[in-house]
Amino acid sequence: MLIKKEKLSDIKENEITDESVYKQRREFIKKTGILAAISVVPALMVSSCADAAPEQATLTFKKTSHGKDLKPTAIKHVTTYNNFYEFGTSKSSPAIAAQSLKIEPWSITVEGDVKNPGKYNLEDILKKNPLEERIYRFRCVEAWSMVIPWVGFPLADFIKQLEPGSKAKYIEFQTLHDPEQMPGQKSSVLQWPYTEGLRIDEAMHPLVMMATGVFGKSIPKQNGAPIRLVVPWKYGFKNIKSIVKMRFVEQQPKSSWELAAPLEYGFYANVNPKVDHPRWTQSRERIIGSFRRRKTDMFNGYADEVASLYTGVDLKKFF
Ligand code: MTE
């Protein structure tokens, strides 16, 4: 593969991911035809975009005590070991291929049951929503984890500014859909645009962030520039990148991963060591950048804050 020849990263997917998980995932990829998507990133783009990788802007933000005892994962892992299927299915391709994404100007269209629908320029959103830094654990459904210092603002503040109506029970989020800029969308690996959803009370939880930065700088394209969701107690796939649309709806939305493999990826996607993925255990995780593994914590360690959201919910059924 041409992408793999590029020495952007000194880590390979199978060196980091638990070998059995790696093999199972490749099996799934083969089964569903995802492998074909890797070839949609043209070779020429790979070299020209790698050269053009921009410096990230330094951000102004308030420091908080969130995660002050956690040691962030090295920046090279956070920015070169990515899942962003719009830019290929290997972990290393987004850091190269995503450089083609045009992130200015950027807006989020708000639709559905809200008093203030419309198209919001990112600059205007940021004027009303000051940035802060929070260090969160990040747990991928593939059983690896990182610790990431996000810069962003609480999603709840933005939601309050939009004034949802009484029928708004869920929020559906969508990523940009533009196969010219996002060559992975020329394949049918997932249904595009990438779509995710949260119950409105989950979305309003104070831990949920809209992130525009990481490590004190604007968020790199491969990590979801210019704005992405961060829900630290859920598996990484809920953390939708490069968001252009939010719809306030009455019915539970279908996420791209639920549509692709409903028995494997549920709507809730809460980190839960007691509910295994059908093909591997979720009770342990491999720490990226280290040879260690750790036991996975319920709700990724945020149980004290979020368990009450799921009182009376059968988490095995609603996985
Ligand atoms: N968002 C979009 N639009 N497309 C994707 O493929 N992958 C998800 C999530 N958000 C994805 C996405 C998955 S599976 C994970 S684990 C995280 O992004 C990875 O985020 P990171 O690359 O910043 O670590």
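Buried means under 20% relative accessible area, and by this criterion Glu285, at 2% relative accessibility, counts as buried. The legends below refer to a predicted model.

**View 1. Arg294 and Glu285 are joined by a salt bridge.** The side chains of these two residues meet with an N to O distance of 3.1 Å. Arg294 has a relative accessible area of 19% and is therefore buried, while Glu285 is likewise classed as buried because its relative accessibility is 2%. Both values fall on the buried side of the cut-off, which lies at 20% relative accessible area.

**View 2. Glu111, Glu172, Lys245 and Arg247 belong to one salt-bridge network.** The four residues are joined through salt bridges that share partners. Within this group, the side chains of Glu172 and Arg247 meet in a salt bridge, with 2.9 Å from N to O. Glu172 lies in strand 6 (residues 170-175) and Arg247 lies in strand 11 (residues 243-249), so that this pair ties together parts of the structure that are 75 residues apart in sequence. The two partners can also be described by their accessibility: Glu172 is buried, with a relative accessible area of 11%, whereas Arg247, with a relative accessible area of 30%, is partly exposed.

**View 3. Glu142 and Lys91 form a salt bridge.** The closest N and O atoms of the pair are 3.1 Å apart. Because Glu142 lies in the loop between strand 4 (132-139) and strand 5 (144-154), and Lys91 in the loop between helix 6 (75-80) and helix 7 (93-97), the pair ties together parts that are 51 residues apart in sequence. Although each residue is placed in a loop, Glu142 is buried, with a relative accessible area of 1%, and Lys91 is buried as well, with a relative accessible area of 3%.

**View 4. The side chain of Glu142 takes part in polar contacts with Asn83 and with Lys91.** Seen from its place in the loop between strand 4 and strand 5, Glu142 is joined to Asn83 by a side-chain polar contact of 3.3 Å. The side chain of Glu142 also makes a polar contact of 3.1 Å with the side chain of Lys91, the residue with which Glu142 forms a salt bridge. At 1% relative accessibility, Glu142 counts as buried.

**Context for the views.** A search of the whole structure finds 18 salt bridges, among them the pairs Arg294 and Glu285, Glu172 and Arg247, and Glu142 and Lys91.

Technical notes: Residues numbered from 1 in each chain as written. Predicted model: local features only at pLDDT ≥ 70, side-chain atom pairs only at ≥ 80, totals over all residues. Heavy atoms only, no water. Helix = DSSP H or I, 4+ residues; strand = E, 2+ residues; numbered from the N terminus. Buried < 20%, exposed > 50% of the residue type's maximum accessible area, 1.4 Å probe, protein only. Polar contact = N/O pair within 3.5 Å; in protein donor to acceptor, adjacent residues only side chain to side chain.
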